[in-house]
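I open the notebook and take one question at a time. Here is what I looked up, in the order I looked.

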Amino acid sequence: MIKLLFIFSTASILVRPVESFVNPRTGSPITLTSDRSVYTNSILNAVDIQVAPSQLEKVSEKMDIKIMNPPKDEERKSLDVRIHGTWYDLTAWRNSHPAGTHWLDMYNGRDATEVMDAFHSEKAKMMYQKLKKTDREKAVTLEKLTPADSEATLSFRAFREKLENDGWFERDVVHEAKLIGINLSLFVGAAATAHDIPFLSMFLLSLAYTNAGWIGHDYVHGTDEFSQKLRMYVCLVAGLGVTWWSDKHNKHHAHTN
């Protein structure tokens with residue numbers, strides 16, 4: 001129900017007096033008309049609405065929305081994302097993205113400010129600003145198709161910047177050493193009591209693995225140099241696949257469900 005309401009509200013925003021432009025992602029014409037008809041080559045995908053086919057069919061009938069499948073790689077005209085109010089054409093950069101093409105594809109035609117700030121190092125944040133910017137005409141079209149940043153979003157960004165400037169994100173190496181020491185001590189305690197006090201050993205081992213998971217959670221998420229050096233810690237002590245977990249868990253944070 002919430003998804004349907006969101007679709008109707010989004011469609012109503014898109015509907016305006018007769019106005020035509022070109023979908024920057026497919027190159028096909030987009031015409032918005034005042035009679036509540038929308039003709040596009042995937043207009044809903046521009047705001048990344050994901051609904052079941054049955055729901056989409058019902059909405060399409062009511063709103064007279066004609067939708068085709070999104071473009072395949074060979075049909076792709078461009079890949080554009082918005083970061084801090086600026087549109088970047090990442091078409092040429094797509095295959096070079098270290099985390100994979102699927103991340104860029106998910107944000108094609110959308111705002112990626114939060115994932116840029118949260119998942120990337122300071123070096124990466126400097127690098128993206130040197131990438132090719134979307135041409136002005138296309139950027140104007142994309143702005144018309146993309147929801148503007150809300151007051152809550154802008155306030156969150158300002159608050160995050162303040163915390164960062166105040167040093168809240170700086171790593172306390174001494175504290176980290178204590179956490180790792182406690183974790184390793186639990187493993188040693190579990191090994192030492194395994195033969196004589198197995199139930200205590202099991203209890204200590206459960207604490208050790210839980211503790212390792214949370215420490216690893218922090219290091220795998222971290223974008224600072226310290227986290228990068230200890231990224232494999234959870235893999236070594238708890239057997240967690242870092243690359244797999246990072247990709248799956250970052251998606252959870254980027255698209256909370």
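**Entry 1: a nonpolar patch**

Ile197, Leu200, Phe203 and Leu207 make a nonpolar patch of about 340 Å². The model I am reading is predicted.

Where does Ile197 lie? I found Ile197 in the loop between α8 (173-193) and α9 (198-221). Its relative accessibility is 43%, so Ile197 counts as partly exposed.

**Entry 2: the whole chain**

Next I stepped back. I noted 12 helices and 6 strands in the protein chain. The chain has 257 residues, and buried residues make up 37% of them. The chain exposes about 15,800 Å². Carbon and sulfur atoms supply 61% of that area.

I also checked contacts between residues at least 6 apart in sequence. Of these, 62% join residues at least 24 apart.

I moved on to two strands. How do β5 and β6 run? They run antiparallel, and 4 bridges join them. I looked up Arg82 and found its bridge partner in β6, which is Trp87. The hairpin of β5 and β6 has 2 residues between the strands. In this hairpin, His84 takes a positive phi near 50 degrees.

I kept one general point in mind here. In a regular strand, side chains alternate between the two faces of the sheet.

**Entry 3: salt bridges**

Now for charges. Side chains of opposite charge can pair when their charged atoms come close. How many salt bridges does a search of the whole structure find? I wrote down 17.

I took Arg82 again. The side chain of Arg82 meets that of Asp111 in a salt bridge, with 2.8 Å from N to O. The pair links distant parts of the chain, 29 residues apart. Arg82 sits in strand β5 (residues 80-83). Asp111 sits in the loop between α3 (101-106) and α4 (113-119).

Is Arg82 buried or exposed? Arg82 has a relative accessible area of 3%, so Arg82 is buried. Asp111 comes to 16%, which is under the 20% cut-off, so Asp111 is buried as well.

A second pair was Asp89 and Lys132. Their closest N and O atoms are 3.8 Å apart, and they form a salt bridge. Asp89 lies in strand β6 (residues 86-89), and Lys132 lies in the loop between α5 (122-127) and α6 (136-145). The pair therefore ties together parts that are 43 residues apart in sequence. I compared the two ends. Asp89 counts as buried at 13% relative accessibility, whereas Lys132 counts as exposed at 56%.

Lys251 counts as partly exposed, at 28% relative accessibility.

**Entry 4: aromatic pairs**

I turned to the rings. The count comes to 5 aromatic pairs.

I looked at Trp103 and Phe119. Their ring centres are 5.9 Å apart and their planes are at 75 degrees, so the pair is edge-to-face. Trp103 is in helix α3 and Phe119 is in helix α4, 16 residues apart. Trp103 counts as buried at 9% relative accessibility. Phe119 is partly exposed, with a relative accessible area of 23%.

Then I took Phe187 and Tyr209. Their ring centres are 5.3 Å apart, and their planes are at 90 degrees, so this pair is edge-to-face. Phe187 lies in helix α8 and Tyr209 in helix α9, so the pair ties together parts that are 22 residues apart in sequence. Phe187 counts as buried at 17% relative accessibility. Tyr209 counts as partly exposed at 41%.

I also noted one aromatic cluster, formed by Tyr219, Phe226 and Tyr233.

I finished with Asp105, which is in helix α3. Asp105 counts as partly exposed, at 26% relative accessibility. How far apart in space are Asp105 and Leu79? They are 7.4 Å apart, C-alpha to C-alpha, and 26 residues apart in sequence.

How values were computed
Residues numbered from 1 in each chain as written. Predicted model: local features only at pLDDT ≥ 70, side-chain atom pairs only at ≥ 80, totals over all residues. Heavy atoms only, no water. Salt bridge = Lys/Arg side-chain N within 4 Å of Asp/Glu carboxyl O. Buried < 20%, exposed > 50% of the residue type's maximum accessible area, 1.4 Å probe, protein only. Patch = residues over 30% accessible without salt bridge, like charges linked within 9 Å, V, L, I, M, F, W, Y side chains within 5 Å. Areas by Shrake-Rupley, 256 points an atom, 1.4 Å probe, with all protein chains shown as cover. Pairing = 2+ DSSP bridges. Contact = heavy atoms within 4.5 Å. Phe/Tyr/Trp six-rings, centres within 6.5 Å; stacked < 30°, edge-to-face > 60°.
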